[in-house]
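Colleague: I would like to go through this model feature by feature. Please give the general idea each time, then the case at hand.

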Amino acid sequence: MKHQPNSNIDSFREQILQAAKAGTPLSIEGGGTKSWYGNPNSFAKLDTRSYSGILEYQPEELVITACAGTPLKEIEAALAEKNQVLSFEPPHFGEVATFGGAIGGGLAGPGRVSAGNLRDFVLGARVMDGKGQDLSFGGQVMKNVAGYDVSRLMPGSLGTLALLLEASVKVLPKPAATATLRCHISQAHAHQLLNEWAGQPLPLSASCWIGAANSEEHGELTIRLSGAIAAVHAAIPLMGTSINAKELDPVVAAEFWNNLREQKLESFTNLGADETLYRLALPAACGPIRLPNMSPEIVLEWHGQQRWWKGPSDEHAFAAIKAIANANGGHGIRFRQGANVDPAKERFTKLSEQAHSRALEAVQARLRAAFDPAGVFATNRLP
Amino acid sequence: MIHMNMVTTPQDQAAISALQSKLVSALKPILPEHALLWEPEDTIPYECDGLAAYRRMPLAVALPETEEQAAQILKVCYAMQVPVVPRGSGTGLSGGAMPIAQGLVLSLAKLKKIVSIDPFTRTAVVQPGVRNLAISEAVAHLGLYYAPDPSSQIACSIGGNVNENSGGVHCLKYGLTLHNVLKVRGLLMNGEVVEFGSLAPDSPGLDLLAIIMGSEGMLAVVTEVTVKLIAKPKLARVIMASFDDIEKGGNAVAAIIAAGIIPAGLEMMDKATTRAVEEFVHAGYDLDAAAILLCESDGTPEEVAEEIERMTAVLEKAGASGIQISKDEAERLKFWSGRKNAFPAAGRIAADYYCMDGTIPRRHIATLLKRIQTMEKKYGLGCLNVFHAGDGNMHPLILFNGADQDEWHRAEDFGTEILEACVELGGTITGEHGVGIEKINSMCVQFGEGERESFWGVKEAFDPERLLNPDKAIPTLNRCAEYGRMRISGGALPHPELERF
């Protein structure tokens, strides 16, 4: 693909080539709203925010193309004007979050369980590799198998593979109707019910259960229905009656889902200074899990496939989290750490810690070397 | 037809025979007798895939019955540095499973068990040789199905689907293979077992599952796939709308999406196709229409009623000259029958047809169709246009007679020009059929040297010795340089005896 000359891109290239020569990695950063996520480093920052703006957006093509430094809220505002949304609901975690940061982080909000992961929506990317090469992969069309799907390696790579310059992302119409129901049932019951519903033609788009981690006590289940007006209206009594659910006021409901997405619910904001917020990604089959020493409360999203659990920060606690996640076919990470916790702690489960992923460690290392032979992006932010 | 066995000298032939006996004797201890083929009369069915115009005989064909056997075979080939071409059902349309003269064809067809079905987690674990449609059939009693439905779904295998990232007529709403597969278990070229993705929503490290999708058998050999199953909609209805002008049809597609509707299927056929298929299926298509649009809604009865009403209003406003809504399932299938039978219908009116697979942004559909009309005159060949209008994936079927070498060359040039137009209009040379051997030259047009070098980097990250299906999908620097010169000199191959990969 041919691109117009651009001084921002030239300056990125200069920084990258300089870093390659000096042998000092660069830490790619947008608004810095997720700088706490992933393994920390003290390398010089490569700030993407100078390269900002929506490059192409035609609602009938269901795709938006923008520069990595574009504020995420600018993208969402442009979509909202045309009644469209990013269905994976990326968390912002701050006013100044960027499009590139959202993609690099690869995180998704409550809608992920029905809409799919952030990477499912990436159609193309323009990146700069560690040799300063300006490369374009994928495109703006939904179906594209020309060449390997390199653009979909960027989501969740935390800036460790290449510098994202631009990306094209699939967008969808805002659902015609949305309703939120709430009831109080046990964790095991919620897990059972959500999976049963997910296997039926029902407009279930998100779920959240908050309650006691280590007991049969009832917790608070909130579910969101989104879709055609008729489908949502028909589903409210169908799903709500059996669990004695109440429909939430739309404004209250919207605030709840946003606070869940942005981790502004009290369950997240009350993280103790010595505590760690662990994230567990688990298969749908995994029912309630119990661990001693963890916080009494747990938050389940994505029908239980994403769980947030606060607990002690020591290696022993993380090992227990990893072990239980691993045993159930998932993985655990140290997502956020309290103010007093040593930031240098390893945040992720390593490939070598999981059976059948070990061979991928060498593949991943060669892949990184191919895009970044001098180690410009080798910040170890993602092992 | 192109027979790509370039071996000419007796010395070459002797070297190949020697390699063949060495390979066969190394593989014999691993496989039962019937699972290893090397006599030409046994290996000839493997000389091509669904793209029959490109053929080549392999050294041997191995048909492992277990993952362990497949791993052993790879270890032998790796040790001998013999290239391996993995093969599923052989329905691919880009020559991705065309053998390599000094290589082995590794057919996964015998790995065809559905390992497990879990209705609670809506997943099924299947071996790579399981047919796409067999999955949906096996879970139908649970009210579930596997969404991607490529037109070859009766025959094509899930392993092949992973390697082509196959779509189908419903992928606008339900996604491609990428969106419907949770985990792929496979073997690296050195025989190591690896797992990409997991049953959890994400996995540690880089997202390598995404890069396996559509990798055309060049990165790993798929041995097991965990697919997502989804709830079968209670009802589906389709609107068949006629347009007296292709442009109006194209605009109607954009108008539906702009109205915030994601149809379950949105397909278009031009007049030539309508006429060809009507003769074949008698679906009652409007033969005077310049374009016919099929627009499907699925979901609960309430949902479908609401959506059909909205779709009808948009289509009327977009200037449809006729609208019919399927009254029942039988009529819905009848409306679809023509679209689903476009390929056999093309086979009835011409000796051969050449199916293209470019994708373009929706807004350019009419532009491309008009250009194709001009190309029909230029090359003196007819073309039927059927396409997945909802996602801009076009399947022009170029009609020709393969017995006439000149017609085949014109068909190839016609196809290449269509693909170049797709790239120029902001699209891609292949939406779902893959690059294979067929479109490898067009890769030089779509990508620059830097991107192609990165593709080789990806390839070598998985397969450092370049042994797994190495002559497909990603052109070498030399090949692109030569392709550039060939185009300049007007098409005549300067050295037809040279291999160009």
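Modeller: Begin with a strand pair: two strands pair if DSSP finds at least two bridges between them. Here strand β19 (residues 383-388) of chain B is joined to strand β20 (residues 393-400) of chain B by six bridges, and the two run antiparallel. Within this pair, B:Val386 lies opposite B:His395 of β20(B). This is a predicted model, in which local features need pLDDT of at least 70 and side-chain atom pairs count only at pLDDT 80 or more, while totals for chains, interfaces and linings use all residues. Residues are numbered from 1 along each chain as its sequence is written, and chains are lettered from A and ligands numbered from 1 in the order in which they are written.

Colleague: How are the strand labels assigned, and in what order do the seven strands of the open sheet in chain B stand?

Modeller: Helices (H or I, at least four residues) and strands (E, at least two) are DSSP runs, numbered from the N terminus. The order in chain B is β17-β14-β16-β15-β19-β20-β18, with antiparallel pairing. β17 (322-325) and β18 (352-355) of chain B are the edge strands; each has a single partner, so one side of each lacks a neighbour in the sheet.

Colleague: Is strand β12 of chain B buried or exposed?

Modeller: A residue is buried if 20 or more other C-beta atoms lie within 10 Å of its own, exposed if 12 or fewer, and partly exposed in between, with C-beta atoms placed from the backbone. In β12 (residues 221-228) of chain B, eight of the eight residues are buried, so the strand is largely enclosed by the rest of the structure. β12(B) pairs in the antiparallel sense with strand β8 (residues 123-126) of chain B over four bridges, where B:Ala124 is opposite B:Val227. Strand β10 (residues 181-187) of chain B also pairs with β12(B) in the antiparallel sense, over six bridges; there B:Gly186 faces B:Val222.

Colleague: How many residues of chain A are in contact with chain B?

Modeller: Two residues are in contact if their C-beta atoms, placed from the backbone, lie within 7 Å. By that rule, 74 residues of chain A touch 79 residues of chain B. Among the elements of chain A that each supply at least two residues to this side are α6 (187-198) and α11 (358-371). The most comes from α11(A), with eight residues.

Colleague: Which residues does A:Leu163 contact, leaving aside neighbours within four places in sequence?

Modeller: The contacts of A:Leu163 are A:Phe12, A:Ile16, A:Ile28, A:Leu46, A:Val127 and A:Met128.
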